[in-house]
Amino acid sequence: MSGPTPERDARLRTIAARRWKVALALTGAMIALYFGFIALIAFDKPLLGRLLAPGLSIGIVLGACVIVCSWLLTWVYVRWANTRYDADLRSLGQ
Amino acid sequence: MTPPPQAATTSIGEPNGVAMGFFFLFIAVTLGITYWAARRTRTTEQFYAAGRTISPAQNGLALAGDYMSAASFLGIAGLVATTGFDGLIYSTGWLVGWPVVLFLVAEPLRNLGKYTFADVIASRLSQTPVRLAAALGTLATVALYLIAQMVGAGSLIRLMFGLHYETAIVIVGAAMIAYVLFGGMIATTWVQIVKASLLLTGAAILTVLVLARFGMNPAALFAAAAQRYGDGVLAPGRLVAKPFDTISLGMALMFGTAGLPHILMRFYTVPDAKAARTSVFYATGLIGAFYLMTFVLGFGAMVLVGPDAIRQVEPGGNMAAPLLAEFLGGRAFLGFIAAVAFATILAVVAGLTLSGAAALSHDLWVNVVRRGRADAAEQLKVARVATVGLGILAVLLGITFKGQNVAFMVGLAFAIAASANFPALVLAMFWRGYTTAGAVASMVCGTVTTLVLIWLSPTVQIDVLKHPSAWFPLKNPALVTIPLSFAIGIVVSLVAARAHEAEGYGRMERQKHLGGAG
């Protein structure tokens, strides 16, 4: 990989800023997802106890959703990083 | 439709030949791996980072192995079996830290450090003060986590195998020292992989056996639980009476995962940042699947064994999963699950010991005492001495805390990791204005305030010391200590701003994205 030049430095800063924005947005989504669930537990217990079908309370469905959505968020990030971020970094070396 | 709850007829506590057989098989296999690994452990890079040759899939399994402790397998299954939905809050809480590890920490950590997370902070600030402060946070986290695991191991083995508490602790200590001392990170990684595979397989078999009785439909299982114990078991209940306790514990779990030294250290075992990224994706999937299975295991134990029968065997409910295994698969399956639980503890303590040894030898001895002038042979020797010392300390702590209620120490370890290690790591990687003074103040205050507040909390004052009230209202201090630690790091850095340390950030930026540390 070739050494730093002012032009490469500027491009790296753009890539870094974009990576930081994506990381912050996804972390924010994760925080909203989990603490939204916790807030419902803390402040609206009756809603979570409501049954959607015999045995399936909203609470249990949302709990499972938090786990599945967390994993989906990691998938979204990995997809973005493998395509956009890695390609941007590769272009920096040329 | 379903059989009535069983009376507490169980062989738990009697010597179980199958459990012994599986357990000694696990010890034999892992010692064999250690012998193989010992011949490949000649350099510090091999000892601390497995020569950076672990593949993303292998590291994903090993991360899951390092993370899924006996507390999550036995504790959560027990909590769900005895309280229903309240227990599930923990199942979700233990997973949500992983995306944060991926988005903020894994890749820059891999690109900037060598063996410990302190490497990252020290790469742009003054070595000596930063490493001293980081070692404080690391060792506090490791020590508390080790105490909880060792005491859990002793009680568990006594309960399941009928061995003496002290004998059990010494066996655990000896095996873990052997893995780390001779096989370093290579052996530790493979012990984690074997353990994670066993735990996931055991949990999956149990899940299928439970669901088979309910037409493979989880909703039918939950409905059976509600029919017998009321719709209340499907909704939040007593355990979450205080909202801010729940939020505070949630914060400790979410941000603590990204500050656990033994988890962070695993990212140095893969070849590059992209491999670190992929390994978290695998780990999150495996751990998520495991916690989804705890839904079924917990409610399965509630319906098939019954909360009263479970509490009769052990008041904390920790025997729910083993009792369920015995009910569904007889003594032989109980033996298998017991051996899996033991393997689980053994693997976690090995990972903890290795990360503690790295803080003692790499951070404190090599970079502070010897100021980076130790040769390779000396570094390896010190790492091994530190391993033996920590192993013996863990055994002594385990025996000292016999019979004490130490379950809160896991939550405390997460709170320190979240308040001391995580803010410093994030600020060092992403904030240009961070300074040595800010980093040290943040890490020291994070560790000290967490310890002081947990001492003043209901967890210690009421639950452990049996005092009538506590000065500090929250059971877990993370809600206060995480923001405090960020604030101290930022304010001290702004007050004592240093131009040359901001320049260090500029140099770091390139390496953070492109790598090159080794």
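**Stop one: chain A**

Select chain A: among its contacts between residues at least 6 apart in sequence, 58% join residues at least 24 apart (a contact means C-beta atoms, placed from the backbone, within 7 Å). A quick note before moving on: this is a predicted model, where local features need pLDDT of at least 70 and side-chain atom pairs count only at pLDDT 80 or more, while totals for chains, interfaces and linings use all residues. Residues are numbered from 1 along each chain as its sequence is written, and chains are lettered from A, ligands numbered from 1, in the order in which they are written.

Colour chain A by secondary structure and you'll find three helices and two strands, running α-α-β-β-α along the sequence. Helices here are DSSP runs of H or I, at least four residues, and strands are runs of E, at least two, numbered from the N terminus.

**Stop two: chain B**

Now pick chain B, with 21 helices and zero strands. Its C-alpha trace spans about 70 × 50 × 40 Å along the principal axes. Of its 518 residues, 64% count as buried, meaning 20 or more other C-beta atoms, placed from the backbone, lie within 10 Å of a residue's own.

**Stop three: where they meet**

Show both chains: the contact takes 44 residues from chain B and 41 residues from chain A. On chain B's side, select helix 13, which gives the most, with eleven residues.

Terms used: A residue is buried if 20 or more other C-beta atoms lie within 10 Å of its own, exposed if 12 or fewer, and partly exposed in between; C-beta atoms are placed from the backbone. Two residues are in contact if their C-beta atoms, placed from the backbone, lie within 7 Å.
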